[in-house]
Amino acid sequence: MRQEMVTDDADHEGSRTPASFPISAELYERARRVIPGGVTSAVRAGALPHPLYLERGAGPYVWDVDGNRYIDFVLGYGPLILGHAPAVLRTALVAQLEKGVTFGSQSRLEIEVAELIVELVPGAEQVVFSTSGTEAVASALRIARAATGREIVIRFEGHYHGWFDEMLIGPRRGAGATGFAPGSEGIPAAAQQNMLVAPWNDIGAVRGLLEARRGQVAAIILEPLLVNGGVISASPGFLAALRTLADEHGAILIFDEVITGFRLAPGGAQELFGVRADLAIFGKAIGAGVPLSAVAGRKGLLDLVAAGRVVHNGTFNGNVLALAGVAATLRHLRDERATLFPRLSSIGDQLARGLRELGPPLVVRSLGPIVHTAFGEPADVTSVRDREGGDRALHARFIGALLRHGVHATPRGLWYVSTAHGDDDIAATVAAARRALAEVL
Ligand code: PMP
């Protein structure tokens with residue numbers, strides 16, 4: 001199902017002239033004078049030949065300031081589950097704009113959105129709102145620590161949980177359970193002293209950490225599908241084994257569903273994989289592009305917020321502009337779930353299949369609407385350690401070449417699809433990828 005039928009006959013496959021970016025280049029130079037590095041989130045810095053300046057988006061397409069049109073698989077780094085500027089979101093936002101954007105007070109909308117999350121997400125009995133995924137991760141950890149009276153948190157190599165001091169670690173790979181460093185200058189070493197890092201899919205390592213720190217581990221936090229580390233699924237039984245270990249050791253199991261939530265299934269990874277977390281964190285797709293994040297879970301845990309034992313603040317928490325967009329998105333996802341999620345997965349599968357058919361050295365991993373490409377590493381990997389040989393520079397050149405052929409994807413290899421992408425967009429993308437590969441190999 002396509003949300004927006006956007007056609008542009010002049011841009012049909014074969015008639016396209018390679019894109020060039022003189023106005024973007026000029027803006028990038030101007031930006032660098034007043035914005036450090038010229039970008040407002042470090043992940044956007046790696047684009048070749050330089051970051052692009054976009055002007056508008058509709059359905060699966062974006063247009064840059066030079067007038068080039070791209071089929072977009074960046075999708076705002078994940079949120080745009082319905083594509084760009086879908087009618088369902090536009091209508092809700094315009095209506096809300098007439099009434100105000102934030103009140104710093106309660107609204108019917110926050111109840112409605114919490115009720116929708118409780119309806120859709122397994123195990124969600126109550127919900128707290130914030131704005132970014134990073135904030136929601138911080139809230140979830142605080143709740144878990146308050147609930148257990150413990151401080152240590154177990155996390156996994158290659159998993160990303162936001163950029164605040166405690167969670168931004170590096171190097172991402174091969175660091176082992178104890179040897180990791182802060183992922184940025186400016187982070188005090190003490191900020192991460194309660195963090196233990198296990199290799200993904202290594203249940204023995206997790207058990208070992210829990211036993212070594214018996215009675216001290218507050219939480220185990222993970223991306224239930226490791227997306228940030230390169231779309232690496234949990235091995236069969238791994239999530240269920242984590243559930244069992246968390247129960248045995250009285251630790252809170254936290255699924256960071258900032259990417260997987262409302263994308264893999266209406267109830268996220270918990271629904272798709274059939275494993276229940278104690279707390280689940282949402283962001284990105286929850287609002288099809290408006291910024292809102294949430295922590296959902298058992299009432300027994302969230303009661304700590306009600307009791308004032310866990311402080312949860314935020315000027316923009318539950319702002320009505322974001323909530324109006326989220327309410328409209330979640331209603332739409334709920335009402336259309338029978339066709340929307342299978343369609344989303346099938347579009348992702350089509351993209352993955354088409355790219356895979358281009359053959360080595362391009363390596364493709366995917367799960368439904370989340371696809372990953374890389375060079376020089378095995379397709380079957382169980383942890384980021386298996387990706388050591390990957391050629392990231394070649395991949396960035398591939399994505400740069402794709403741009404000239406009208407396809408916008410992330411340099412690091414993550415491709416998101418939306419309900420707005422049509423079969424013809426996927427076919428055009430695979431054809432563009434074939435040409436881009438020939439240019440960079
Ligand atoms: N958790 C995961 C799994 C993420 O992918 C991200 C962002 N990519 C975050 C947390 C942080 O979210 P935000 O960028 O909204 O702070």
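Colleague: In which sense do strand β14 and β16 pair, and over how many bridges?

Modeller: This is a predicted model, and in it the open sheet of three strands has the order β13-β14-β16. One of the residue pairs here is I370, which stands opposite Y416 in β16. Strand β14, residues 370-375, and β16 pair in the antiparallel sense over three bridges.

Colleague: How many bridges join β1 to strand β2, and how many residues lie between them in the hairpin?

Modeller: The two strands run antiparallel, with β2 covering residues 61-64, and four bridges join them. Within this pairing G57 stands opposite V62, while the bridge partner of L54 in β2 is D64. In the turn of the hairpin, G59 has a positive phi of about 55 degrees, and the residues between the strands number two.

Colleague: Which residue takes a positive phi in the hairpin of β2 and β3?

Modeller: Strands β2 and β3 run antiparallel and are joined by three bridges, and V62 stands opposite Y70 in β3. This hairpin has four residues between the strands, and the residue that takes a positive phi, near 85 degrees, is G67.

Colleague: Which residues of β2 lie on each side of the strand, and are they buried or exposed?

Modeller: In a regular strand the side chains alternate between the two faces of the sheet. In β2, Y61 and W63 are on one side, with V62 and D64 on the other. Both faces of β2 are covered, and these four residues are all buried.

Colleague: Over the face of which ring does R69 lie, and how far is R69 from R56 in space?

Modeller: R69 lies in strand β3 and is buried, with a relative accessible area of 8%. R69 lies over the face of Y61, at 3.8 Å from the ring centre, and R56 lies over the face of W63, at 3.8 Å from the ring centre. Although R69 and R56 are 13 residues apart in sequence, their C-alpha to C-alpha distance is 9.6 Å.

Colleague: What kind of aromatic pair do F156 and F238 form?

Modeller: F156 is in strand β5 (residues 152-156) and F238 in helix α6 (residues 238-249), 82 residues apart. Relative accessibility is 0% for F156, which therefore counts as buried, and 4% for F238, which also counts as buried. With 6.0 Å centre to centre and 75 degrees between the planes, the pair is edge-to-face.

Colleague: Why is the pair of F262 and F282 classed as it is?

Modeller: F262 lies in the loop between β10 (252-256) and α7 (268-273) and F282 in strand β11 (residues 279-282), so the pair ties together parts that are 20 residues apart in sequence. F262 counts as buried at 0% relative accessibility, and F282 counts as buried at 0% as well. The ring centres are 5.1 Å apart and the planes stand at 50 degrees, so the pair is tilted.

Colleague: With which side chain does the side chain of H161 make a polar contact?

Modeller: H161 lies in the loop between β5 and β6 (169-170) and is buried, with a relative accessible area of 1%. Leaving out residues up to four places away in sequence, H161 touches several residues, including V137, R155, M167 and I221. The polar contact of its side chain, at 2.7 Å, is with the side chain of D256.

Definitions and conventions
Residues are numbered from 1 along each chain as its sequence is written. This is a predicted model: local features need pLDDT of at least 70, side-chain atom pairs count only at pLDDT 80 or more; totals for chains, interfaces and linings use all residues. Side-chain values use heavy atoms; hydrogens and water are left out. Two strands pair if DSSP finds at least two bridges between them. Rings of Phe, Tyr and Trp (its six-membered ring) pair if their centres lie within 6.5 Å; planes under 30 degrees apart count as stacked, over 60 as edge-to-face and the rest as tilted. Buried means under 20% relative accessible area, exposed over 50%, partly exposed in between (1.4 Å probe, protein chains only). A charge sits over a ring if NZ of Lys or CZ of Arg is within 6 Å of the ring centre and within 35 degrees of the ring normal. A polar contact is a pair of N or O atoms within 3.5 Å; within protein, one must be able to donate a hydrogen and the other to accept it, and residues adjacent in sequence count only if both atoms are side-chain atoms. Contact means heavy atoms within 4.5 Å.
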